[in-house]
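Grab a pencil and work through these exercises with the model in view. Try each one before you read its solution.

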Amino acid sequence: MTALFPPPSPLRLRLSAEALAHNWRWLAGQGSAACGAAVKANGYGTGATDVVRLLGAAGCRDFFTATWAEALAIRNAAADANISVLHGVREDDMPLALAGFARPVLNTPDQVRRWRDAGGGVCDVMIDTGMNRLGLSLADVSSGLLDGLTIETLTSHLASADEDVPQNGEQLAAFRAAVAAIPHRRASLANSAGICLGNDYHFDLTRPGLALYGGIPRPEAAPHIRAVVQAEAQILQLRTVAAGQAVGYNATWRADRDTRVAIINLGYADGYLRAFSGKGSASIGGYHLPVIGRVSMDLVALALPEGLDVGESDWVAIDYDLSQASCLSGLSPYELLTGLGARYDRLWT
Ligand SMILES: *Cc1c(COP(=O)(O)O)cnc(C)c1O
């Protein structure tokens, strides 16, 4: 039998390796701390193994995943680097965790006991400094819970580093108290936005995610962060919609004159959510193509301007500037990136 291979996808992400490495170097250059990379959620939708390989070549030595499945997926790409699993260890994770290619970030007293009882080696620990998400409280720790553990990285996470609010300073003070009280090799507090808060927040290791992938964590980073992701979709059908006719589910757009329309291979199953219905746009050859009607699961309709000559299977670029698309759709830049699904071909150049 002949082997069958899938054809190229009618949907692709053009990803800039140069922009990714530039963003990492800019973040790394903000202070003297080592700079890691959060690569959870498939590298924020861009492709975790490629991101690890590219950032490893740029000098990154610390990668953060949410789960053990994510850590396993980047294992080979991160051969010379540290992998930390932010969600710690459940009982089900223990066989993989004890294999030793990544460290758990221990978050709860149960996780600490599980790790110690199993004779797990070096680990990381997350301290909750006021976000009330994952992490041990300082009260948990003061009773000697961590005695005897070898802690590589002591971490905490900032809840509001994208804003100028007292919570940042409060979390900084709480983390300093933890750093003073708990033996560790390295301390790590800042995400992308936290890096922009200045040196006080950097400690030994930073953990940016969003800004690596082109998201703007705080306005002061905007001139320095480059776009990494450009989505492109192929035209599947061209039609002329006669004046008075409607397009798409529930007929939310109606032609006020005869209108040329392109149907493209993109939909909410690809992360292009219905929030872009009647609001999003694409471009080809310098022309602006507004989204008309509802975004479907796999399809979007674009109005074609007069004078534009396109054909079936031509590619259009989706307007997906993270800041603009975020304002337009009400989705956060994190949601815009991590929603990019499995149906894109991911092409790094
Ligand atoms: C996701 C995450 C990061 C990265 O945050 P960004 O805001 O994307 O830079 C860092 N640390 C922890 C604990 C995280 O969960």
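**Exercise 1.** Why is the sulfur of Cys-327 too far from the closest cysteine sulfur for a bond?

*Solution.* First, a word on the model: it is predicted, local features need pLDDT of at least 70, side-chain atom pairs count only at pLDDT 80 or more, and totals for chains, interfaces and linings use all residues. Residues are numbered from 1 along each chain as its sequence is written, and side-chain values use heavy atoms, with hydrogens and water left out. Now the rule: a disulfide is a pair of cysteine sulfur atoms within 2.5 Å. Next, find the closest cysteine sulfur to that of Cys-327: it belongs to Cys-196 and is 18 Å away, so a bond is ruled out. Applying the rule gives a count of 0 disulfides.

**Exercise 2.** Decide for Cys-123 and Cys-327: buried or exposed?

*Solution.* Start with the cut-offs: buried is under 20% relative accessible area, exposed is over 50%, and partly exposed is in between (1.4 Å probe, protein chains only). Cys-123 has 0% relative accessibility, so Cys-123 is buried. Cys-327 has a relative accessible area of 72%, so Cys-327 is exposed.
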